[in-house]
Every structure is written in structure tokens, then in C-alpha cells.
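Have the coordinates open while you read.

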Amino acid sequence: MNGSTVIYTLSPELADHYTAGNYLRISYSIFVILSSLIGDTTILVASLEYNAFKLQRPIVAIMEHLAVSDLLSSLVFIVQLKELLSEWDRGAVLLCKFNQYLNSFSFSAGFMFTAVLTTLKLLMIKYPFRAAHWTKRKASMMCGVIWVSSLAYPIAILTINKMSPEFTILFNFSIKRSFIIFSDETCNILRPFLVIFLLLP
């Protein structure tokens, strides 16, 4: 049995209360989108086109991948902004589901890239002679492993959505928000993924 999708609405009074908060969400989404598009695009162009960063090549490689994950995260906010500014329908529900999976993927990757970047800087300080032999190619291979590993959490959510009848996604058309409800059993299954991808980095 598949997980369920529930569409509901609030009373006009409660909807007005939540709608006021949507203006803050719109402002924050616009800020994140502009910051990411300008900052991360600048990093990628400066690094790939002009070779502007005079840092160790492994550090630069991870920075490039981190910028890409940030751009994916900004796509999450672009979709959220579209949802907030347009009327919701069945298409919006499918888009919101996609956004949740993209959100878990991009943020998991971003967390791990940040953790690896910090750890690599520490190792370069502690082992400077070994670090001299580390190449951008090896760093890129490690980043590839991170990208693949980041798929584990969204795949776990998608699998549970397909198999568990207690997995529910609530869509509220009146306030344009969605919520995921997990059972205790589902939370126990997802907890290791949360620890690995969100807490350990």
C-alpha cells in the first residue's frame, strides 16, 4: 500500500494568520535566490573560467561542488517562491513533492561538502607534506561519492512513501504549505540517515 496524500484547507481566520507569514517566506526566498545566484555563479565563473583562486587544487574542487549544491538549494527556493505566488492545483502538489526530494538531496550534499572542506583544511595544516601530493582529480572523485551518497536520504523517503501506508503528505491549499507526517516506525528507519547526513557533518 502506498503512502497517502491529503489536501485540506483551513478556516479563513487561520488562513489569514498563516498568509501573513507567507510574506516573510517570500522575502527570505528572494534573498536566498539572489545571494546564491550571484555568489555561487561568481565562484564558478571565477574558478572555471579565470582560475582566480590561488588555493590548493583539492580545496578549489570542493568549493566548486559546494557552489553547485548551493545552486540546487536555491532551486528549492525558486520552486517555493513559485508556489507562494501562484494558485495551487494538482500540478503544484506534484511540484511540491519534487521540491521536498530535491531539498533533502541538495542540503545533504551541501552539509557533507562543507564538512569535507573543513576537514580537508585541517588535514592540510596538520600534514602539509602529504597534502602537497593531493590532486584535484582525487578531490573530484571524493565529491562524486558525496553526490551519490546524498541520494540515499531522498531515496529512503521516496521508498517509504511508496511502501508505508502511515507516510502522509499534507497539502494545505489555503496557506500554500505542505507537511510530511511520519509514523514512529518510519522515524526509526530514517533516523540513521538524519544522523549521517545532517548531524555528523
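Before the points: contact here means heavy atoms within 4.5 Å. Also keep in mind that this is a predicted model.

1. Let's start with the pairing of α2 and α5. With that contact cut-off, the α2 side is made up of R57, P58, A61, I62, E64, H65, V68, S69 and L72, and these meet K136, A139, S140, M142, C143 and W147 in α5. Sorted by class, the contact has 9 nonpolar, 3 polar and 3 charged residues.

2. Now the geometry of that pair. Helix α2 covers residues 57-85 and helix α5 residues 136-149; their axes come within 7 Å and cross at roughly 30 degrees. Angles under 35 degrees count as roughly parallel, and α2 and α5 are therefore roughly parallel to each other. As for the hand, α2 passes α5 in a right-handed crossing.

3. On to the rings. How many aromatic pairs does a search of the whole structure find? The search turns up 4. One to look at is F105 with W147, a tilted pair at 5.7 Å centre to centre, with 35 degrees between the planes. F105 sits in helix α3 (residues 90-126) and W147 in helix α5, so this pair ties together parts that are 42 residues apart in sequence. Are F105 and W147 buried or exposed? Both are buried.

4. Another ring pair is F107 with F111. Their ring centres are 6.4 Å apart and their planes are at 50 degrees, so this pair is tilted. F107 and F111 are 4 residues apart in helix α3, which means about one helical turn separates them. Neither is buried by the cut-off of under 20% relative accessible area: F107 is partly exposed at 28%, and F111 is partly exposed too, at 37%.

5. S36 belongs to helix α1, which runs over residues 12-48. Why does S36 count as buried? Because its relative accessibility is 8%, and buried means under 20%. Setting aside neighbours within four places in sequence, S36 is in contact with T41, D70, L71 and S74.

How values were computed: Residues numbered from 1 in each chain as written. Predicted model: local features only at pLDDT ≥ 70, side-chain atom pairs only at ≥ 80, totals over all residues. Heavy atoms only, no water. Helix = DSSP H or I, 4+ residues; strand = E, 2+ residues; numbered from the N terminus. Buried < 20%, exposed > 50% of the residue type's maximum accessible area, 1.4 Å probe, protein only. Axes fitted to C-alpha atoms, helices over the stretch in contact; angles between N-to-C directions. Parallel < 35°, antiparallel > 145°, perpendicular 65-115°, else oblique. Left-handed = near helix turned anticlockwise from the far one by under 90°. Nonpolar A, V, L, I, M, F, W, Y, C, P; charged D, E, K, R; others polar. Phe/Tyr/Trp six-rings, centres within 6.5 Å; stacked < 30°, edge-to-face > 60°.
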